[in-house]
Amino acid sequence: MANVGKRKAFSIGAEKHGVNAFSQNEIEHFECCDDDVIISGDKMPTAYIRKGSFTRREWTENNLKNAIKAVEEKNMGVNKAAKTFSSPKTTLKRRIKIHNFTKSSLGFASILGCENENKILAHINKLQNRCFTPCRDSVKSMAYQLAEKLKISQTFIKEAKRAGYDWIQSFLNSQ
């Protein structure tokens, strides 16, 4: 009975577009593959669910250092140390290999640095308290002027004397 429904759906699709959409072999293949049929009520997943046992950046720097110490002193293997100290196995292996034991932030580092971006944010807040909210172009100009004043090497638009779109998006998302 399900085969009749499939054949009818294929023929309707072919008639609608005015072509023979499927060969007889393809139709027979679809008829024999009842496993692929979506039963009414089945829904596609709407949200991604991470399959790993850890979420990103769940581990602590102290646990990582203790795990690395245990592995380097040959008290434990990498797998056992990862389980014992609650740190991801791949992170532990990578950090041992490159000798990097500190936890850093995710993503790219800011061009101006956190301290200087906080100065811009404080200046924007001062302007807002005086009933003047700067537009994006003004904030981009502020960033360019600060970078020039502090002689920070940057990739801002020198002709326009302001920061670019990527910088402003990053700045707005970090605040």
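Leaving aside its neighbours within four places in sequence, which residues is Asn-116 in contact with? To answer this in the viewer, bear in mind that the model is predicted, and begin by selecting Asn-116, which lies in helix H6. Beyond those sequence neighbours, its contacts are Leu-146, Leu-150 and Ile-152. With a relative accessible area of 10%, Asn-116 is buried, because the cut-off for that class is under 20%.

Next, move to helix H7, residues 136–149, and select Glu-148 there. This residue is partly exposed, its relative accessible area being 39%.

Now select helix H8, which spans residues 165–174, and colour Trp-167, Ile-168 and Phe-171, the residues described here as buried. They are on the same side of H8, because the arc that they cover around the axis is only 95 degrees.

Keep H6 and H8 on display and look at how they cross. Their axes come within 12 Å, at an angle of roughly 75 degrees, and the two helices are therefore roughly perpendicular to each other. On the H6 side of the contact, select Glu-117, Ile-120, Leu-121 and Ile-124, and on the H8 side select Trp-167, Phe-171 and Ser-174, which they meet. Sorted by class, the residues of this contact of H6 with H8 are five nonpolar, one polar and one charged.

For the last stop, select helix H3 (residues 61–72) together with helix H5 (residues 89–98), which pack at an angle of about 70 degrees, their axes lying 10 Å apart. H3 and H5 are therefore roughly perpendicular to each other, and the crossing in which H3 passes H5 is right-handed. Showing side chains brings up Leu-64, Ala-67, Ile-68 and Val-71 from H3, which meet Leu-92, Arg-95 and Ile-96 from H5. The contact of H3 with H5 comprises six nonpolar residues and one charged residue, with no polar ones.

Methods:
Residues numbered from 1 in each chain as written. Predicted model: local features only at pLDDT ≥ 70, side-chain atom pairs only at ≥ 80, totals over all residues. Heavy atoms only, no water. Helix = DSSP H or I, 4+ residues; strand = E, 2+ residues; numbered from the N terminus. Buried < 20%, exposed > 50% of the residue type's maximum accessible area, 1.4 Å probe, protein only. Arc of directions from axis to C-beta. Axes fitted to C-alpha atoms, helices over the stretch in contact; angles between N-to-C directions. Parallel < 35°, antiparallel > 145°, perpendicular 65-115°, else oblique. Left-handed = near helix turned anticlockwise from the far one by under 90°. Contact = heavy atoms within 4.5 Å. Nonpolar A, V, L, I, M, F, W, Y, C, P; charged D, E, K, R; others polar.
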